[in-house]
Amino acid sequence: MDEVIARVAQAIAAAERILVITGAGLSADSGLPTYRGLGGLYNGHTAEGLPIEAALSGPMLQRDPALCWKYLAELGKACLGAQANAGHHAIAELQRRKPGCWLLTQNIDGYHRAAGSPMERVIEIHGELAPLYCQSCGAVDPELSEHLKRPLPPRCRQCAGVLRPPVVLFEEMLPEQAIARLYAELRQGFEVVLSVGTSASFPYIVEPVLRTRQAGGLCVEINPDSTDLSALVEVHLAGRALDVLPKLLSHI
Ligand code: OAD
């Protein structure tokens, strides 16, 4: 695999426009659960007998905020209890060295920000877990960890409305600004797309790969397992993000 990594590194070094796409597999190396697959959050039903997608949905947050928050709090505690790993740091370093390197992440843990990725070139397509804001009056509340120690759902200090994180819940729209940025950058095109730790379950994750391949660019997947992307990419590096990304960077 080292030879292939060196070849991919060469292509990245020669490229100006690079897109890194990340998913839960990158943060799995920090100890967070993934959504699908072994140990994934979506493999069963909640204690209430609901599919987790129903518990973590926009309509549920309105109908039964305590129930939705029970599962948001699990995500929140996992994210607050771990930290960015060498894979996140390698991506941030790549972005520093390559001013045309963009990051499209589905992760809501904020670890790319913590690792120092330049946020003007990060598209958080599923939002972020913090800071919370009030659904009634819009006030922003930076105390996620404090709220997680108290009864749920967390309430606004000013108006007692229910707080929520700026994440995209199931059945909610993607953030307009993030979509606009993604498609503006896709129109400019990318020479290399690097997909890291994602099952690529959404069309807006697959599309950059399809477009880049059609335009003659190089698409690479880093994932120990095969996904729907594996047949579409030119190179599948079947390893963990934590191992492969620092190695890749060491050649650039
Ligand atoms: P998934 O849980 O669907 O996929 C995680 C992928 O990471 C799988 O393909 C694993 O094989 C791979 N993986 C596991 N460990 C890895 C490692 N150490 N290194 C590299 N890869 C590894 O997660 P996502 O594709 O991110 O959305 O899921 C996308 C979205 O589905 C999430 O953002 C979430 C969920 O619905 C929302 O909450 C809106």
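The following legends describe close-up views of a predicted model. Residues are numbered from 1 along each chain as its sequence is written, and side-chain values use heavy atoms, with hydrogens and water left out. Local features need pLDDT of at least 70 and side-chain atom pairs count only at pLDDT 80 or more, whereas totals for chains, interfaces and linings use all residues.

**View 1. The shell around the ligand.** The ligand is surrounded by 24 residues, each with a heavy atom within 4 Å of it. The closest are A24, Y35, R36, T198 and S199. Helix α2 (residues 24–28) gives the most to this shell, with three residues; helices (H or I, at least four residues) and strands (E, at least two) are DSSP runs, numbered from the N terminus. By type, the shell comprises 10 nonpolar, 10 polar and four charged residues (Ala, Val, Leu, Ile, Met, Phe, Trp, Tyr, Cys and Pro count as nonpolar, Asp, Glu, Lys and Arg as charged, and the others, Gly among them, as polar). Domain 1 (1–32 + 85–130 + 172–252) and domain 2 (33–81 + 134–164) each supply at least three residues to the shell, the bounds coming from an automatic or database domain assignment.

View 2. The contacts shown are pairs of N or O atoms within 3.5 Å. A polar side-chain atom of H126 lies 2.8 Å from a ligand oxygen atom. For Q106, a polar backbone atom is 3.1 Å from an oxygen atom of the ligand. In D225, a side-chain N or O atom is 3.4 Å from an oxygen atom of the ligand. Taken alone, the ligand exposes 800 Å², of which the protein buries 91% (Shrake-Rupley method, 1.4 Å probe).

View 3. A130 and P131 are joined by a cis peptide bond with omega about -5 degrees. P131 lies in the loop between β3 (122–124) and β4 (132–134). Another cis peptide bond joins L152 and P153, with omega about 0 degrees.

**View 4. The loop between α8 and β6.** P153 is placed in the loop between α8 (144–148) and β6 (163–164). A160 also belongs to the loop between α8 and β6. Phi of A160 is near 70 degrees, a positive value in a residue other than glycine.

Conventions:
Polar contact = N/O pair within 3.5 Å; in protein donor to acceptor, adjacent residues only side chain to side chain.
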